2 protein chains.
Amino acid sequence: VSNVSLPPIVQAIRGSRRQLARLITKIEGEQANAELAEIYPHTGQACLVGITGAPGTGKSSLVSALARHYRGLAKTVAILAVDPTSPFTGGAVLGDRIRMRDLAGDNGVFIRSMATRGSLGGLARATANIVRALDAAGFDYIIIETVGAGQSEVDIASIGQTIIVVEAPGLGDDVQAIKAGILEIADILVVNKADRPGLENTVRGLRAMLDLGHRAERLIHHGQLMPVAALPVPDENSAWQPPIMQTVATTGQGITELAAQIEAHQLYLRQSGTLQARLQASLSAELEECLRDALLAQIRQNIRAEEFAEHLAQMVDRQQTPNHVALQMLRRLTPNQT
Amino acid sequence: VSNVSLPPIVQAIRGSRRQLARLITKIEGEQANAELAEIYPHTGQACLVGITGAPGTGKSSLVSALARHYRGLAKTVAILAVDPTSPFTGGAVLGDRIRMRDLAGDNGVFIRSMATRGSLGGLARATANIVRALDAAGFDYIIIETVGAGQSEVDIASIGQTIIVVEAPGLGDDVQAIKAGILEIADILVVNKADRPGLENTVRGLRAMLDLGHRAERLIHHGQLMPVAALPVPDENSAWQPPIMQTVATTGQGITELAAQIEAHQLYLRQSGTLQARLQASLSAELEECLRDALLAQIRQNIRAEEFAEHLAQMVDRQQTPNHVALQMLRRLTPNQT
C-alpha cells in the first residue's frame, strides 16, 4: 500500500495500529513533544470514559462488556488500563487483559496497559497524552481504566469526561473508607456483580453517601496559573445527579442501560457548557505544569555543580531550609525580574 | 510562668503543646516559612517511624501499642495520622483516635490527625514540615501513620526513616495488588492480629513476595535537581533484610520485639551511611520543589491577564499544545538566559 511512504505519525492518525503503538511508546518515554504538537489539532472528537473501582469489583469485565457493546454499534474503542500502584501488578493487569481475549484480533479495538514505578505526575501526563494519540487516531470511545486507590482517581477525573465508579456487593466494610474518596468524582455509579448477595446493602450504602449532600465540586486540577472562566453552576434541578446502575458484566446484564447513561451524561456535559469549562481549567493546569518543568530545566542548565554542593551541605547541616535556598538561587538567576 | 513572655515559637520548642498545635495549624495553612526557618536548626534528633497498611490491618492499634511501649521507657512520642484519601474519612480517623484515649492527658504524647482534599504534593510537604516541628519540639519518637493506598506510601518513605508495613490475616486476595506496591518500601513487615486464622498463609505470602528478589530500590523522591552522593550500595550480606514480625496490638504481644527491630534498623541506617545519603537526596528533591513553586510565582506576577487569555484560547482551539505555549512564555520572561 502507498500508505507506507507516509510519515509514521500520519500513518498512526490514519489507522496504522503499529505506528500508533510506536507513538504511544514514544509518549511513555517522554520523547514525543513534536509528535504531540502535530497530532494536537486532530484531537477533541472522542468520547472519553473513565472507569475506576477497587480490586474485586470486576471493572475489567465491565470495560470488556462496554467495549463489546460499542463494537456491536460499529463504533471503534480504545482501552487504556492504568495501574499506578506497582510494577508487581503487571501480572494482574495481564490477567485482566486475557479476559478480553475475544476482543483481540478486532482492528476496531485497541488495548494498552500502563504500569509504572515512576512519578505519579509523570504517569498522569503520559496518560493524558496517550489519550490524545488515541483521540487523533479516530477512536469513537476511549475507555481509561484505573484501580480505585489513592490519588489515581484525581488523574482520571482530569482526563476522562464521564467518570464511572464501580462497586460490588460483599466487599466488606473496610473498603468503605477508600470508596468514599472516589464517590466525589463519580458521574455514574455502577454496582457490578449485581447477582450477588448483599446487592441491596451496597446500593443503600451508595445512596446514603450520595444523599449526604456533601458531594464536593469535582477537583479537576490543583492550582491554576490564572483564573479561567468559572465552571457553570447550574441550579439544583438541572445539575447532573449521578445515577446508580446495576450490572452483571459477565452476562452483559445492564450494559445497554449503562451505555445510555453515558450518552445522557455526555449530552449534559455539552449542553451545560461544563465540557468547555473543564477543558479550559484542565489546559490551564497543564500549562502550569509545563512551565514548572521548563523553568526547572533552565535552572539546571545555569547552576554550577560546586554551588549546588555548597547549598546542599548547608541544608544537610540544618543551617538553611530548602525554601530559603530556593529563593536565593532564584534571585541570582533572574535578577531582572521583580 | 515566665515562659509566657517568650516568643510563641520558642515556647513550642520548649514544650508548650498549645503553641506547638498553633504552629502546626500555621504550617498546614502554608503560612509558616519564617517559623520553619527558625526551627530548622533544632531538627534532626527524633527517630521517625512510618507505619502504613491497608484498612483493617489494625495499624492504629499498633501505633497506640508502640506509643505505650515508648512511654513505658519514659520516651516522648508524637503521632501524626495522615489520611490522603478523602474528607469523608475524617470520621474514621476520629474513631481510631478514640482507641488512643488512654494516651490522652499524657503530656509526653502528642496526637495530630491530618486529612485533606487538596493536592497530594501539598499534603506531603505539610507532613514533612509538621514532622520538623515535632522534631524541634523534642519528641524522642515521631510515628507517622498513613493508610496504605495509592501514592501515600511514597510520601511516607521520603519522610520516615524506618518504614513499617502492616498486614493482617484473612483480608482476602483482592488486597494483594495494593499490598505489592507498599512492600517495596518496607523496612519491617508486621503481621498484626497474629491470633487470627490464616496467619501462616499471610506470612508465607509475604515471605514469597520478599523472596521474589525484585525488591526495588526505595524511591525517595522522583527526580533531583542535581545528582547527589549516590546511596551506598551495601553488599548482599550487609544490606538490611526486612524481617517479618508477628503482633497482636490489642494485647501487646510482640510489641517489645517490634521495638527492638526498629532500634536495629535505626542502627543500620546510621552505621551504613544510608541515613545521611537519604537526607541528601530528600533535601535535594525538596529544594527542586521549592524552586518550581518560587519560579511559578514569579511567572504569575509577570504575565498579563489578556496575554494569558489569548494563550488559553489557542490551546482550547487545539492550535498549540500547553508545552509549546510554556516554552514561548518562558522565552519572553527570561530573555537573558540560554
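Guide: Since this is a predicted model, let us begin with a charged pair in chain B, where Arg204(B) and Glu200(B) form a salt bridge whose closest N and O atoms are 3.9 Å apart.

Visitor: In which helix do Arg204(B) and Glu200(B) lie?

Guide: The two residues are four apart in the chain, about one turn of the helix. Both Arg204(B) and Glu200(B) are exposed. The element that holds the pair is helix H9 (residues 199-211) of chain B.

Visitor: Are Glu286(B) and Arg132(B) buried or exposed?

Guide: Their side chains meet in a salt bridge, at 2.8 Å from N to O. This pair links distant parts of the chain, with Glu286(B) in helix H11 (residues 274-302) of chain B and Arg132(B) in helix H6 (residues 120-136) of chain B, 154 residues apart. Taking under 20% relative accessible area as the cut-off, both Glu286(B) and Arg132(B) are buried.

Visitor: How many salt bridges does the structure hold over all chains?

Guide: Side chains of opposite charge can pair when their charged atoms come close. Over all chains, the number of salt bridges is 12.

Visitor: In strand S4 of chain B, which residue is the bridge partner of Cys47(B)?

Guide: Strand S4 (residues 141-147) of chain B is mostly covered, with seven of its seven residues buried. Tyr141(B), Ile143(B), Glu145(B) and Val147(B) point one way from S4(B), while Ile142(B), Ile144(B) and Thr146(B) point the other way. Strand S1 (residues 47-53) of chain B runs parallel to S4(B) and is joined to it by seven bridges. In S4(B), the partner of Cys47(B) is Tyr141(B).

Visitor: Turning to chain A as a whole, what share of its contacts between residues at least 6 apart in sequence joins residues at least 24 apart?

Guide: Chain A has 13 helices and seven strands, and 56% of its 338 residues count as buried. Its accessible surface comes to about 14600 Å², of which 52% belongs to carbon and sulfur atoms. Among contacts in chain A between residues at least 6 apart in sequence, the share joining residues at least 24 apart is 81%.

Notes
Residues numbered from 1 in each chain as written. Chains lettered and ligands numbered in written order. Predicted model: local features only at pLDDT ≥ 70, side-chain atom pairs only at ≥ 80, totals over all residues. Heavy atoms only, no water. Salt bridge = Lys/Arg side-chain N within 4 Å of Asp/Glu carboxyl O. Buried < 20%, exposed > 50% of the residue type's maximum accessible area, 1.4 Å probe, protein only. Pairing = 2+ DSSP bridges. Contact = heavy atoms within 4.5 Å. Areas by Shrake-Rupley, 256 points an atom, 1.4 Å probe, with all protein chains shown as cover.
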